[in-house]
Amino acid sequence: MALVSSKEMFEKAYNGGYAIGAFNVNNMEIIQGITEAAQEVDAPLILQVSKGARAYANHTYLLKLVEAAIAETGLPICLHLDHGDTFELCKSCIDGGFTSVMIDASSKPFAENIELTRKVVDYAHEHGVVVEAELGALAGIEDDVKVSVEESHYTHPEEVQEFVEKTGCDSLAIAIGTSHGAYKFTAAQCTRNEKGELVPPPLRFDILDEVVQRLPGFPIVLHGSSSVPQQYVKMINENGGKMPDAVGIPEEQLRQAARSAVCKINIDSDLRLAMTGTIRQFFTEHPDKFDPREYLKPARANIKELVKHKLVDVLGCAGHAHELTNK
Ligand code: G3H
Ligand code: 13P
Ligand code: ZN
């Protein structure tokens, strides 16, 4: 089995009411944790590499590790460039064997976003590679966000049809209230539940619905979709870390999104939290240990458990990998 594109994955996910998990990868243990989980529950996967991951681990190492995971698991895996910011970076990944790239020109004016995205799409399609583009900027954390300013970060549904027609992109990332990292909302933007945990404002499903009405059948992507599991935030804080009020997107809302036109859901921070919490706890309990295999092994195991939970309970894509491989 070779690397696959996400085209058929998205067609099946759209019609089947589930989403494909797109997990960021930076090293062998992360790749193994994710792919072993997916193999156990028969889930198709998108493994994505950021510019930073490529700078850290090197394109060839990541490509070969992902190819090794395919050889070991037999899974349909799409290898995707996450947040490509230039034509040259996208081209380098297309030439270097990736099956999907994202060109993120969402911070540029609409016309420039279209122009750069179109250029990447033309090159990618000539090489059988699919392209994700983005419209609308994901909200970050701002202490004093005025609603009108915040609103301006959401995707404008009235722009999506023209954007997709003019760029020819294969999927579209939209901004409906998710954001990157482990601090997605300030405490002031949230309420608290009975356990004292922060409860963020709900995602803007009304914007998603309007986008879907204008782009029927078209695959939508959600970035910034970590849920920031509180057990790992606690594990980090109890073992020398300091992550006060870290909060993410409630999993029920991601499940709801996955049932709709959202075909790809990006998760990175949750895996980082699982890995970091596990390693911090290991060192608290074993201050004498220094063999990386001893602390990376439980970290990899907890990534696997976390990813399995996402695939089965949040994304709903478990049980669907064989539909892409048995043809
Ligand atoms: O959206 C960004 C991903 O979480 C990747 O993060 O650029 O630190 O690798 P990174
Ligand atoms: P999180 O930071 O919520 O995991 O989002 C990851 C992401 O969107 C990668 O592109
Ligand atoms: Zn992202």
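Colleague: Which elements each supply at least two residues of the shell around ligand 1?
Modeller: Helix H3 (51-57) and strand S3 (77-84) do. Bear in mind that this is a predicted model.

Colleague: Which residues are around ligand 1?
Modeller: Asn24, Ser50, Gly52, Ala53, Asp82, His83, His180 and Asp268. A residue counts when its C-beta atom, placed from the backbone, lies within 6 Å of the molecule.

Colleague: How do the residues of that shell divide into nonpolar, polar and charged?
Modeller: There are 1 nonpolar, 5 polar and 2 charged. Asp counts as charged and Ala as nonpolar, while Gly is among the polar ones.

Colleague: Which residues come nearest to ligand 2?
Modeller: Of the 13 around ligand 2, the nearest are His223, Ser226, Asn266, Asp268 and Ser269. Two or more residues of this shell come from S3, and likewise from strand S10 (262-267). The shell around ligand 2 holds 1 nonpolar, 10 polar and 2 charged residues. Asp268 is also listed around ligand 1.

Colleague: Why is Leu324 called partly exposed?
Modeller: Leu324 has 17 other C-beta atoms within 10 Å. Buried takes 20 or more, and exposed takes 12 or fewer. The count of 17 lies in between, so Leu324 is partly exposed.

Colleague: Where is Leu324 found, and what does Leu324 touch?
Modeller: Leu324 is in helix H14 (residues 322-325). Leaving out residues up to four places away in sequence, Leu324 touches Val4, Glu8, Met9, Pro44 and Pro76. A contact needs C-beta atoms within 7 Å. Glu112 is another matter: Leu324 and Glu112 are 36 Å apart, C-alpha to C-alpha, and 212 residues apart in sequence.

Colleague: What makes S1 and S2 a pair?
Modeller: Pairing requires at least two bridges. Strand S1 (residues 20-24) and strand S2 (residues 45-50) are joined by 4, so they pair. The two run parallel. Phe23 stands opposite Leu47 in S2.

Colleague: In what order do the strands close into a barrel?
Modeller: 8 strands close in the order S1-S2-S3-S4-S5-S6-S9-S10, with parallel pairing. On average, neighbouring strands of this sheet are turned by 25 degrees against each other, direction ignored. Helix H1 (residues 7-16) packs on the sheet. H1 touches S1, S3, strand S5 (130-135), strand S6 (171-174) and S10, and its direction makes about 110 degrees with that of S10.

Colleague: What lies across S3 and strand S4 (100-103)?
Modeller: Helix H5 (residues 87-95) does, and H5 runs at about 165 degrees to S3.

Conventions
Residues numbered from 1 in each chain as written. Chains lettered and ligands numbered in written order. Predicted model: local features only at pLDDT ≥ 70, side-chain atom pairs only at ≥ 80, totals over all residues. Contact = placed C-beta atoms within 7 Å. Axes fitted to C-alpha atoms, helices over the stretch in contact; angles between N-to-C directions.
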